[in-house]
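Hi everyone, thanks for coming. Let me put today's structure up on the screen, and then I'll walk you through it.

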There are 2 protein chains.
Amino acid sequence: MNATMTPHELRQKIRLGQHSGNTSGYSEGYVQCNLVILPVDWAAEFLQFCQQNPKPCPLIAMGQPGEFDLPGMGVDLDIRTDIPRYRLFKDGSLVDEVEDVSAHWRDDLVVFLLGCSFSFEEALLNDGLDVRNISEGVNVPMFRTNIPCKPAGRFSGNTVVSMRPFLPVDAIRAIQICTRFPSVHGAPIHFGDPSQIGIEDINRTDFGDAVSLKAGETPVFWACGVTPQVALEQAKPPFCITHSPGCMLVTDLPNSRLAVM
Amino acid sequence: MNATMTPHELRQKIRLGQHSGNTSGYSEGYVQCNLVILPVDWAAEFLQFCQQNPKPCPLIAMGQPGEFDLPGMGVDLDIRTDIPRYRLFKDGSLVDEVEDVSAHWRDDLVVFLLGCSFSFEEALLNDGLDVRNISEGVNVPMFRTNIPCKPAGRFSGNTVVSMRPFLPVDAIRAIQICTRFPSVHGAPIHFGDPSQIGIEDINRTDFGDAVSLKAGETPVFWACGVTPQVALEQAKPPFCITHSPGCMLVTDLPNSRLAVM
């Protein structure tokens, strides 16, 4: 029921206050996006940050200043009401969590939609692979690395990665599958020894939950959408809106549309 | 000079007895093939063995019984004279090594051409990766594994792999590149812990030479064209001709033609 609800139906329920939680598992087969909203005088630098760091910050859509309907992303879409929960930041600090940002909307705000791992996880599951954070029912484990992003204006920071364990033969298959989806983080950026990318303890996550590594499995690391959030916290723009973790924008775009081949 | 010689020129020199050695590094950019020649009453089972084990035995071309010119593989090609050195087998045992098999030709012989790692190694080098056996000027290290091939008639045996060490980030790139070339062994089949595929000591090769593993590198394993040779030794057909290791058929087919995308 949740899985088969159309994205438009789900967005309507969210808009009416009938769904305010996680969107994971809802409207299967459709692209879900990370949200970043910034004042126009910060938008060009953030756009350049995304352009220079496409693996952690894969830009799927960007609005015009003041535009909240994002044509092409969904029928009758209103970005101010169609996400279950938003976070408001002032000078880089979280100041509020709300279910509607209409009261905070301004004509100088620019919407960015970034790809999310839900799309490639679905492709991995459909191929018969075990996505550990899903099979164990927890949030994906995420870690800060020592891999610097290419800075753009006031935005900089190190790459955050998500980790999913696989047997090597399945890791090779996962690399092939994810290569087809560059706009949802694409191929992994590392596997094996976590210390090579600055992770000290694979059992101590910086975000999300730990998952079990079974015998013979190797940890595989993907660039993660938390990277731009860390860059935003460091850049401290006077005003910023994001989605709350796990509460994404569900678009009308089929996941298969993101496959480059 | 050797690298830029056309395949046709090189085959003519080989035919005239002016080149009887390795073909590695000759006629860069063109597909080189492993050769297997079997009597027709063994051909159907070997074809099925290749069909069922496409990663170690990627079939590029197969002749009709008695056919020695392999149309489409090269201008004025004669498989009996255009390979620098051949091996003759009787009942699975090596009985002779010769530079011309015209005297041994029979109307019931069937030619098989299988893809060779030279093609994907060129793609890796062109992408800026270090292929260790090439940079160290030795034969690629090869190992017997515990991965069984799917048997076909009298043909069976375990997969032989070749190994090339890479940093994980380069291994991911190598997986992407080789995925484009299924007819020359395709993507690797394993990386990391050699014991997972039955290799006891990464420094003790079963065929070829050892190469150095540098700090942070992981061994990456590809299905290898020695696999069908091992299957042939076990099946012991009464008569069989192969190329001598490293002395391949150089075809007129550009390597890029093997890319599936």
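Predicted model: local features only at pLDDT ≥ 70, side-chain atom pairs only at ≥ 80, totals over all residues.

Let's begin with the symmetry. Chain A superposes on chain B by a rotation of 180° with 0.0 Å of shift along the axis, and the RMSD is 0.0 Å. The two copies are thus related as by a two-fold rotation axis. If you want a landmark in chain A, take Gln176(A): its C-alpha is the one nearest the axis, at 3.2 Å. The interface fits that picture: 100% of the interface residues of chain A are also interface residues in chain B, so the copies meet through the same surface.

Now, which residues does α5 of each chain bring to the contact between α5(A) and α5(B)? Let me set the geometry first. These two helices pack at an angle of about 70°, with axes 10 Å apart, and they are therefore roughly perpendicular to each other. From α5(A) we have Ile172(A), Ile175(A), Gln176(A) and Thr179(A), and from α5(B) we have Ile172(B), Ile175(B), Gln176(B) and Thr179(B). By class, that contact holds 4 nonpolar residues, 4 polar ones and no charged ones.

Let's stay with α5(A) and look inside its own chain. Helix α3 of chain A, residues 118-126, packs on α5 of chain A, residues 168-179, at about 130°, again with the axes 10 Å apart. That angle makes α3(A) oblique to α5(A), and their crossing is right-handed. On the α3(A) side you'll find Phe120(A), Ala123(A) and Leu124(A), which meet Ala174(A), Ile177(A) and Cys178(A) of α5(A). This contact comes out as 6 nonpolar residues, with no polar and no charged ones.

Last topic: the backbone. Most residues other than glycine have a negative phi. Ser27(A) is not a glycine, yet has a positive phi of about 45°. You'll find Ser27(A) in the loop between α1 (7-15) and β1 (30-39) of chain A. Is Ser27(A) buried or exposed? With a relative accessible area of 1%, Ser27(A) is buried.

Over in chain B, His185(B) also has a positive phi, near 85°, and is a residue other than glycine. Its loop lies between α5 (168-179) and β8 (190-191) of chain B. His185(B) counts as buried too, at 3% relative accessibility.

Methods. Residues numbered from 1 in each chain as written. Chains lettered and ligands numbered in written order. Heavy atoms only, no water. Axes fitted to C-alpha atoms, helices over the stretch in contact; angles between N-to-C directions. Helix = DSSP H or I, 4+ residues; strand = E, 2+ residues; numbered from the N terminus. Parallel < 35°, antiparallel > 145°, perpendicular 65-115°, else oblique. Left-handed = near helix turned anticlockwise from the far one by under 90°. Contact = heavy atoms within 4.5 Å. Nonpolar A, V, L, I, M, F, W, Y, C, P; charged D, E, K, R; others polar. Least-squares fit on C-alpha atoms with pLDDT ≥ 70 in both. Buried < 20%, exposed > 50% of the residue type's maximum accessible area, 1.4 Å probe, protein only.
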